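Open the model in your viewer and keep the selection panel at hand.

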Amino acid sequence: MAKNTLPKTPTKSADEECKQECSSCATASSCSSAKKGPAGLPPKADMDVRHVIMVLSGKGGVGKSTVSVNLAYALSSHGRKVGLLDLDMHGPNIPKMLGIEQHKLAMMDNKIEPVHVTGKLSVISMAFLIQDPSTPIIWRGPMKMAAIQQFLTEVNWGPLDYLVVDLPPGTGDEALTIAQLAPNVRGAVIVTTPQDVATLDARKSAKFIEKLGLPVIGVIENMSGMLCPHCGEEIDLFGKGGGRKVAEEMSVPFLGAIPIDIEMRKAGDEGRPFIIRRGDSPTWKSVDAVMEALIKVVEE
Ligand code: ADP
């Protein structure tokens, strides 16, 4: 029977817990930190997942969470068993985008039960742990790492084909921790808008991923042009082609471009992923094509 108990959140930072290298510590044999790997890191999480995909962007607001939600949904509707992990701890918007923001996490058999959106799509988000959505999360790196470790090891994900991880913008602790702790990380998808200020940061994200020794699965250019809803003429609001240029320069796949579309924004606000809206709008086709390209790169 599900109990409505919040999972434990870390109260002590790793800094407080352990101030020196295990090799030189007198209490290493009795200390839980001593079980950690060479750099004081815990071992890879023991979870049953075939492909872990990180979704990254250099900047906020470029549509990274929108892409994560649509990608996870597209994969699940192609028959894959998918987990969606929202690690954008400072702005966890995925539950809102899926219309499940009222859910709270429950414990079952000592494991955290994810929210099951469909039989094939389960979600975990920091948002489920926060009583008041307007309360900011103020955590140092080690606390985030402890929470991520819990999300990987103490959640009843079941066997997964994919774990899609929505990360905060930039090159921070969350991405590093996933790269280090999650098994079978296939690489990262970089979402960018076309203008120079965004593509500059997208390049940084791509280099960061390469420094971690992981492949860039591909670049997605979001908000790429816009069709005027009145006259149908194309408006280059943020320009076009910046994402493709980044992909070419970095010699990584370009997965496609998604235009600005008011229906896309509405889908996020209404909690219904754009990809499941039936229709043959040019935007729907481009989102679908991007998802197909991504699945192809990962699975081939
Ligand atoms: P990020 O995760 O990069 O911060 P979000 O996915 O939260 O960005 O998107 C920011 C806002 O832009 C949201 O309101 C979302 O609905 C909207 N949005 C994202 N992509 C598009 C698009 N192609 N057309 C219109 N609105 C979009």
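Start with the ligand, which sits in the second largest pocket. A pocket here is an open set of points on a 1 Å grid over the protein atoms alone, with protein on both sides within 12 Å along at least five of seven lines. A molecule sits in one if more than half of its atoms lie within 2 Å of its grid points. The model is predicted: local features need pLDDT of at least 70 and side-chain atom pairs pLDDT 80 or more, while totals for chains, interfaces and linings use all residues. Residues are numbered from 1 along each chain as its sequence is written, and side-chain values use heavy atoms, with hydrogens and water left out.

Stop 1: Ligand oxygen atoms are found 3.0 Å from a polar backbone atom of Val-62, 2.9 Å from one of Gly-63, and 2.9 Å from a backbone N or O atom of Lys-64. The protein covers 84% of the 560 Å² of accessible area that the ligand has on its own (Shrake-Rupley method, 1.4 Å probe).

**Stop 2: the pocket.** Of its 23 lining residues, Gly-61, Gly-63, Thr-66, Met-97 and Met-223 lie nearest the centre. Lining residues have an atom within 4 Å of a point. Colour helix 8 next: five residues, the largest share of the lining, come from it. Helices are DSSP runs (H or I) of at least four residues, numbered from the N terminus.

**Stop 3: the largest cavity.** A cavity is a set of grid points where a 1.4 Å probe fits but cannot get out. There are two cavities of 30 Å³ or more, and the largest has a volume of about 60 Å³. Select its lining, which includes Thr-66, Val-69, Met-97, Met-264 and Phe-274. Helix 2 and helix 8 each supply at least two residues of this lining.

Conventions: A polar contact is a pair of N or O atoms within 3.5 Å; within protein, one must be able to donate a hydrogen and the other to accept it, and residues adjacent in sequence count only if both atoms are side-chain atoms. Grid points are joined across faces, edges and corners, and a volume is the space filled by probe spheres set on the points.
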